[in-house]
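Please look over the model below before reading on.

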Amino acid sequence: MLLLALPLRAQQHRLGTASFPNSGAAAAQPDFNRGLLLLHSFEYEQAAQAFQAAEQIDPAFAMAYWGEAMTYTHPVWNEQDTSAARAVLRKFAATAKARAARTPTARERDWLGTVEVWYGEGSKPHRDTLYQRAVERLASRYPTDDEAKAFNALALLGLNQGIREPRAYARAGLIALDLFRRHPDHPGAAHYVIHAYDDPAHARIALPAARAYSKIAPGAAHAQHMTTHIFLALGMWPEVVAQNIIAAGPDTAHWQAGHYTDWLGYAYLQQQDTVRAGALVRSLHDHLTSSSSANRRAAFSTMIGEYVINSERWDDPALDWPLDETGFYWLARAGRRYTQGIAAVHRRDLAAAARWQSELGTLVDSIPADLGAGLDRAQAGVMQLQLDALTARSRGDTAGAILTLTRAAKVEDSLPVEFGPPTIMKPSHELLGQLLLEAGQYGAAVESFNLSLKQAPGRRLSQRGLDQASRRMQRSP
């Protein structure tokens, strides 16, 4: 009822509600509360600014420094700026002992102690584990403190180190579901439910949270996008389109390539709307400049790949646009060679296909096999196997191509579940299904397309292949 009574402008800037009692000055509470709500919606830069404003009003506000320090770790994304966070803590006092002495209440000292652990000594994985245990102890010590429970759910999600840890995600999901049931306007509760269940096998559990989150925090762009983690996992393409348009912002003439536009373009393609998908790619290309960041250029490169592969426009002019790969992460570099190679095979330009195949193979061999890049190497390796299979088929070796793709599918099946548009832009089961369909192995093709749709519900090319294989299987003797 309160929300309906608010002016429209106020509703548009809402961030939800949360309660975090503290000893800070009354005048600093609005900025602190805003920072807390933004923190729960991963709007880290704005959250840091809000906590800094609270510090300026009350320089002795311990929890404001805690909050600002929290903004320098992005747990689900496996990102941390330890130096910046330590600098924030030193603003409050020079040492952990001095900071504890300056913190007025035992509860607040316990809260501050959790980030002292997080930004202490040791490797990030070790500190992430110690931090999660510290927050869990905090939640046990103060059983009525639901913020401790919320940040424990997030800490559990942060144990992933870039790779989903199923048991930790399950624990986080149960905590967040309980919070969401009791606090339906809490942004963190809805947000962490979505993160815990944003895979096709579990996404329906989080559908109520996804439908609620955009209304809880209309003032946070990430909240508008985050709902689509569930919508995409369920193949709900109109909702994916609508929410990412909101997340990308009202100034459509100046959209930039990035996470939100990537998901938007993919959803257009699943709706078979190649006109809007193509227009989006061309518009983003027009706004790409020499000063565009490596992340924007890499996101745009991925969008070109998704557009070409999902529209099957193998001679689209976007393939010829020059792109500066300086600063690209491994998968963006691999995806560009993969896209170019697949397109060349389909154009029957076997010399170009061989060139891209060789470049991709060299790149895969150069990716480190360590913990940080091992998943990238495995995913790029699947791309390499797919391109090997397609070139084998182009030489007439369909049986060899099917064997290679079967191997690629097994490798892809063994990789951790990732949310969002497929990292390997052409799922191996989908490509295998297409080759089996061409080979007249209709039953096997149906099985392969069904496996693809299990991993990517509502994916248009897999559904098209399944329909074709099913019809042919019914007609065959």
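Predicted model: local features only at pLDDT ≥ 70, side-chain atom pairs only at ≥ 80, totals over all residues.

Residues are numbered from 1 along each chain as its sequence is written, and side-chain values use heavy atoms, with hydrogens and water left out.

## Core

The largest nonpolar core has 144 residues. A nonpolar core here is a set of buried Ala, Val, Leu, Ile, Met, Phe, Trp, Tyr and Cys residues joined through side-chain atoms within 4.5 Å. Buried means under 20% relative accessible area, exposed means over 50%, and partly exposed lies in between (1.4 Å probe, protein chains only). M63, W66, F151 and F300 have the most contacts inside this core. Helix α21 (residues 374-394) supplies its largest share, 9 residues. Helices (H or I, at least four residues) and strands (E, at least two) are DSSP runs, numbered from the N terminus. In soluble globular proteins, nonpolar side chains tend to be buried together.

Helix α5 (residues 62-70) is mostly covered, with 9 of its 9 residues buried. Among them are M63 and W66. Beyond its neighbours within four places in sequence, M63 is in contact (heavy atoms within 4.5 Å) with F20, N22, F32, E108, W111 and L112.

## Aromatic groups

The structure holds 18 aromatic pairs. Rings of Phe, Tyr and Trp (its six-membered ring) pair if their centres lie within 6.5 Å; planes under 30 degrees apart count as stacked, over 60 as edge-to-face and the rest as tilted. F300 and W321 form a stacked pair, at 6.0 Å centre to centre with 15 degrees between the planes. This pair links distant parts of the chain. F300 lies in helix α18 (residues 294-311), and W321 lies in the loop between α18 and α19 (330-346), 21 residues apart. F300 counts as buried because its relative accessibility is 0%. W321 is also buried, with a relative accessible area of 18%.

H222 lies in helix α14. At 6% relative accessibility, H222 is buried. Not counting residues up to four places away in sequence, H222 touches S41, F42, E43, W77, H191, H195 and Y260.

W237 is found in helix α15 (residues 237-248). W237 is buried, because its relative accessible area is 8%. Residues up to four places away aside, W237 touches L232, Y266, A267, Q270, Q271, P457, G458 and R459. W237 and W77 are 160 residues apart along the chain, and their C-alpha atoms are separated by 24 Å.

## Pocket and cavities

On a 1 Å grid over the protein atoms alone, a cavity is a set of points where a 1.4 Å probe fits but cannot get out, and a pocket is an open set with protein on both sides within 12 Å along at least five of seven lines; lining residues have an atom within 4 Å of a point. Grid points are joined across faces, edges and corners, and a volume is the space filled by probe spheres set on the points.

The second largest pocket holds about 830 Å³ of space. Its lining has 35 residues, of which P200, P416, V417, E418 and Q455 lie nearest its centre. The elements giving two or more residues to this lining are α11 (166-182), α14 (221-233), α22 (398-414) and α24 (442-455).

There are 4 cavities of 30 Å³ or more. Ala, Val, Leu, Ile, Met, Phe, Trp, Tyr, Cys and Pro count as nonpolar, Asp, Glu, Lys and Arg as charged, and the others, Gly among them, as polar.

| Space | Volume | Lining by class |
|---|---|---|
| Second largest pocket | about 830 Å³ | 21 nonpolar, 6 polar, 8 charged residues |
| Largest cavity | about 80 Å³ | 5 nonpolar, 5 polar, 1 charged residues |
| Second largest cavity | about 60 Å³ | 5 nonpolar, 2 polar, 2 charged residues |

Residues lining the largest cavity include S301, I304, W321 and R336. Helix α19 gives the most to this lining, with 4 residues. The second largest cavity is lined by T73, P75, W118, K124, D128, Y131, A155, G158 and L159. Helix α9 (residues 124-141) gives the most there, with 3 residues.
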